Amino acid sequence: MEFNPQIIAFLCKWCSYTGADLAGTSRMEYQPNVRAIRIMCSGRIEPTFVLRSFRQGADGVLLCGCHPGDCHYQEGNYRCLRRFYLLKKYIQQMGIEAERLKLEWISASEGKQFAELVNSFTQTIKELGPCKVKGAMEILTQIQ
Ligand code: FES
């Protein structure tokens, strides 16, 4: 049976979510594996959001925000970037491949880029196979 990955995408409302919406309204085709969660700003993405996603069965997590300099809350995306690098190291310690977490800047007009991003990330996750977090589960469940 073909592996059908589950991907959680946290999308900033002002740019990335609108970009994803544009991809949809423009009828661009992209892989249906992404569950989009709209947030006000990428700076709002708590590390626990990512860890919980993996704990609850996500095979990949995508973080998207406004381009640098375009954040509606001044520097939320810079905060997100710093957390992203820390989280990448952290999940590796948990036994989760760093490639399962991705950060991209998508503007409201970049529907095509969003569709391409979803397709390429889905392909990456398919190649990695299902996320094996069993060893990490016990530790992750202590994080609430
Ligand atoms: S408002 Fe989009 S990243 Fe901050």
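Of the 21 residues in the largest nonpolar core, the ones touching the most other members are Val50, Val61, Leu63 and Leu101. A nonpolar core here is a set of buried Ala, Val, Leu, Ile, Met, Phe, Trp, Tyr and Cys residues joined through side-chain atoms within 4.5 Å, and buried means under 20% relative accessible area, with exposed over 50% and partly exposed in between (1.4 Å probe, protein chains only). At least two residues of this core come from each of β1, α2, β3, α3 and β4, and α3 gives the largest share, 4 residues. Apart from this core lies another, of 14 residues, among them Ala9, Val34, Phe114 and Val118.

A quick word on the ground rules. This is a predicted model, where local features need pLDDT of at least 70 and side-chain atom pairs count only at pLDDT 80 or more, while totals for chains, interfaces and linings use all residues. Residues are numbered from 1 along each chain as its sequence is written, and side-chain values use heavy atoms, leaving out hydrogens and water.

Here are the elements that come up, with helices (H or I, at least four residues) and strands (E, at least two) taken as DSSP runs numbered from the N terminus.

| Element | Residues |
|---|---|
| Strand β1 | 7–12 |
| Helix α1 | 16–25 |
| Strand β2 | 34–39 |
| Helix α2 | 47–55 |
| Strand β3 | 60–65 |
| Helix α3 | 76–93 |
| Strand β4 | 101–105 |
| Helix α4 | 111–128 |

Strands β1 and β2 pair in the parallel sense over 6 bridges; pairing takes at least two DSSP bridges between the strands. Ile8 has Arg35 as its bridge partner in β2.

Now for Ser53, which sits in α2. Ser53 counts as buried because its relative accessibility is 10%. Leaving aside neighbours within four places in sequence, Ser53 is in contact (heavy atoms within 4.5 Å) with Ile8, Phe10, Ala58 and Val61.

On to α4, which has 18 residues and reaches 26 Å from its first C-alpha to its last, close to the 26 Å expected at 1.5 Å a residue; that expected span is 1.5 Å times one less than the number of residues. Its buried residues are Gly111, Phe114, Ala115, Leu117, Val118, Phe121, Thr122 and Ile125. These lie on the same side of α4 because they cover an arc of only 160° around the axis, judged by the directions from the helix axis to the C-beta atoms. The face turned away from that buried side carries the exposed Lys112 and Glu127. Just after α4, Gly129 takes a positive phi of about 85°.

Note on methods:
A crossover is right-handed if, with the strands pointing away from the viewer, the path from the first strand over the helix to the second runs clockwise.
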